[in-house]
Amino acid sequence: MANVKVAIRVRPLNAREGVDGGRLAVQVEDKLVRIKNTKLDGRQDGHGDSREKVLEFGFDYCYWSVAPEEPHYASQEEVFQDLGVSVLAGASEGYNVCLFAYGQTGTGKTYTMMGTQDSMGLTPRICQGLFRSDTTFPEGQNSSRVEISFLEIYNERVRDLLRGREQKKKASLRVREHPEKGPYVQDLSQHVVSDYKQAVELLEEGIANRITAATHIHDASSRSHAIFTIQYTQAILENNLPSEIVSKIHLVDLAGSERADPHYCRDRLTEGSNINKSLVTLGIVISALAQNSQMSSSCQSINSVASEGDAGSTVGSHTSSLSGGGGGGGGGGGRRHCFIPYRDSVLTWLLKDSLGGNSKTIMIATVSPSCRSYNETLSTLRYAAHARNIVNKPRVNEDASVRLIRELREEIDRLKSMLLSFKMRNPSPSLSDERDGSLSDMVLQNELKVDQLTKDWSESWRDKKELLEQYSVDINRDRAGFLIHSLLPHLITLDRDVLSTGVTFYHLREGVTSIGPQDKLVEPQIVLQGGATCEIENQSGVVTLRPLPGSVCMVNDREVTEPCRLAQGSVITIGGVHKFRFNHPAEAAVLRERRRASEGALNCSYSDLRSSTSDPRLGGEVVPGQTGYCVAEGEDPASKQQCVEDQVKYVEERRGYVECLRQEIQTEQRRAERDLESEQAHLRQQHIDIQQWILQEKQRLAAITLEERGTQEFGVQTDPIPSPILDSLLTEGSEGSEEGCGQTVAPPSEVVLNRKKVVQEELLRHHALRRAESRFRRKRLHYQLERIARKRHLLEAKRELQWLEKALPPGLESPASPELGSSSSSRGRQPVLRRHSFSSDLLSRLYPQNTPIFRSV
Ligand SMILES: Nc1ncnc2c1ncn2[C@@H]1O[C@H](COP(=O)(O)OP(=O)(O)OP(=O)(O)O)[C@@H](O)[C@H]1O
């Protein structure tokens, strides 16, 4: 439980207030604020007027910021040292914290919360403090993440202040309520920041987007309530127990309350009435909460009344006016708890947790010292006095498992000390044995439980952390999308279900990742519905898919029955329904580098060369016969030599690669031909088998028919019976039986039954043959398409090689491949080639020697 802390800050007199001598109505002394009604000065004290001449209010902090030369002047730094530091302390302990500035328009809310160019306010100072607080824990034992969002509530609508320019005028965002996390703004942009500079840039961007306008009192009055939220997540390792605590810091700059002026334009009046409406709701909420808190704790109520002294009665009367008399008097007269109308305004709804909920809350009420603002200042002080009575229930936002482990550890300590004191009091073993034993058992049990829980939690934590380390999420500020980077090979689900909306990533770590249904004996790492099973092995970056018996696996729509190496971008289908895209970030990086290199070689050719050789101002060394190489300005001969060597090495590698592709195409072609031939032979054999079987069956049927009909003369054909003949046999048999049926109803004869069976069998065999034929045709087409794709790949590689060879210095070029022709060395001038930066080490790991890109299946 924690009361809302309240601070009062008195700003300097402004030009308007200073004209009539600048009479002051407010005084500050330590934690007391006195307000004097100067209108009563001329009258006899108290006579004929029930109003108090001087009212006194007690607060947690009072800041006098009227004139810097005064001894008790409170600067921005002093305010930060009290309020900002306690915000940071609360956040670092894992509490939600809210700091909000309330006050009449022009009294210094924005100055206090945001500050000016020369005088930083609380918000930027708190951001600064957040990025400094990493030193609280020993090195390497904690890490933190800071996410920022910034919104304004204008005319009861929520706008995202960090949505980029093009979306500035877009419709308002919706406020929703999560059953556990409470109210939140749907689609509000969150921005991960890693240093103070980024945080302040966001703050400035939001402030620039905020709606301000000139009013009679203030030239740049904020016309909206602004909520700057920092989500601060800390990962901590304490007593070997890793944990994560999350704290939300709301820094709120409310719009100023003001009296409606009929001379304002309609927009200004609507704004004003909305501002006032939400502030009145805030007042009612504060008042009702204060009343509830007082009822709940009579003790607290007495304390607060005592500390407020005379002001208590004033506050009490004001409560009823704010709450519309709904909750009875402020002194705890009502029996039932008041209803808190959080939802009556967007502001109170969003600040629900900060007011009476899970948050440590500080209110800073800003006032003018001038006697001209007596009424507004008094109203602000009463408002603030109410807020002081609100009791919140802040709790550390940590994982339930961590809390349980900590509580169990505390319990163990308690039991151990009980055991110790028991032993000390009963030194005789006979007396203490029983009790001692049960206590020891409890300690032991709890210790075992804690050990297990700590182990489980640490493992799951490590897994999660490892996973997070491999990913980085980039939420793009100005555009709608966001990007997830991962360094490990991974699968992304391609869901067929149109109603599925999530995206799932599966990391393929070093070793074997098993994929299959949950009901397997050993639970697979990737669980799929249905009977689909396979394994994917990642061995030093080489990822291989291994289908398991009884499951159909396809890679790029081609069925695989043997282990198959996966390449970047492959589409895998497991069990016909589960589709994934395979990504290999390291391989993709190498491929991108290659592409860039070949594009670079193509692009930076003759134009570079021409300029480097013809324009001496460029400073490139022009060597007759060797023009165009490594013409980076001022490069020394050694690095040029190195550059040329690199180029030669790269060309060699590419040549090997082209050769490897060519061989692979030939091997694949031979394999495909062999495969198709054997399949064709199989088909042929199948066809012959069917024919032979038909012949046998025909003969068998003829024999049975003859046997059955005895002397009846039925002609038996001796040539092979194709399917239509069997059909006619069946018809013949049927006709025969129909004839019989014309006279007597007899069961079908054995011949008829046999014929039917044979016909069915024949149909089945023909159907199987047709299926095998169409499979064969598909396979042939597939091989053709694959060959085309391989050839295209080879062509691209050859073209790249051609360019690279052309770029080699004369004398250095190795003999070009016969297919490429002799074009490379015959050209007069050579194109410029830049140095390539990819690692050949990585390349050889990803593409080990003799590993074909298209793996045979
Ligand atoms: N403590 C202070 N010291 C110096 N100047 C101050 C102080 N407080 C406020 N001011 C000045 O008073 C003027 C009004 O302040 P500010 O804009 O912060 O008021 P506000 O309460 O946010 O007004 P509104 O509610 O209309 O937005 C500004 O020019 C600001 O620089």
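**Reading helices, a ligand shell and sheets**

Guide: Let's start with a pair of helices: α4 passes α5 in a right-handed crossing, where right-handed means that the near helix is turned clockwise from the far one by less than a right angle, and left-handed anticlockwise. Helices (H or I, at least four residues) and strands (E, at least two) are DSSP runs, numbered from the N terminus. Keep in mind that this is a predicted model: local features need pLDDT of at least 70, side-chain atom pairs count only at pLDDT 80 or more, and totals for chains, interfaces and linings use all residues. Residues are numbered from 1 along each chain as its sequence is written.

Visitor: How is a helix pair described?

Guide: Two packed helices are described by the angle between their axes and the distance between the axes. Here the axes of α4 (residues 122-132) and α5 (residues 196-209) come within 9 Å and cross at roughly 155 degrees. Axes are lines fitted to C-alpha atoms, for helices over the stretch in contact, and angles run from 0 to 180 degrees between N-to-C directions. The two helices are therefore roughly antiparallel (angles over 145 degrees count as such).

Visitor: Which residues in α4 and α5 meet?

Guide: Thr123, Pro124, Cys127, Gln128 and Phe131 in α4 meet Tyr196, Ala199, Val200 and Leu203 in α5; contact requires C-beta atoms, placed from the backbone, within 7 Å. These residues divide into 7 nonpolar, 2 polar and no charged (Ala, Val, Leu, Ile, Met, Phe, Trp, Tyr, Cys and Pro are nonpolar; Asp, Glu, Lys and Arg charged; the others, Gly among them, polar).

Visitor: Which residues come nearest to the ligand?

Guide: A residue is near a molecule if its C-beta atom, placed from the backbone, lies within 6 Å of it. Of the 18 residues around the ligand, Gly108, Thr110, Ser221, Ser222 and Gly256 come nearest. The shell has 3 nonpolar, 13 polar and 2 charged residues, and its largest share, 3 residues, comes from α3.

Visitor: In what order do β3, β4 and β5 lie?

Guide: Two strands pair if DSSP finds at least two bridges between them. These 3 strands form an open, antiparallel sheet in the order β3-β4-β5. Its edge strands, each pairing on one side only, are β3 (26-29) and β5 (54-58). Between β4 (residues 32-36) and β5 there are 5 bridges, and Lys36 stands opposite Val54 in β5.

Visitor: Which helix lies across β3, β4 and β5?

Guide: That is α10 (residues 374-387), running at about 150 degrees to β4.

How values were computed:
Parallel < 35°, antiparallel > 145°, perpendicular 65-115°, else oblique. Contact = placed C-beta atoms within 7 Å.
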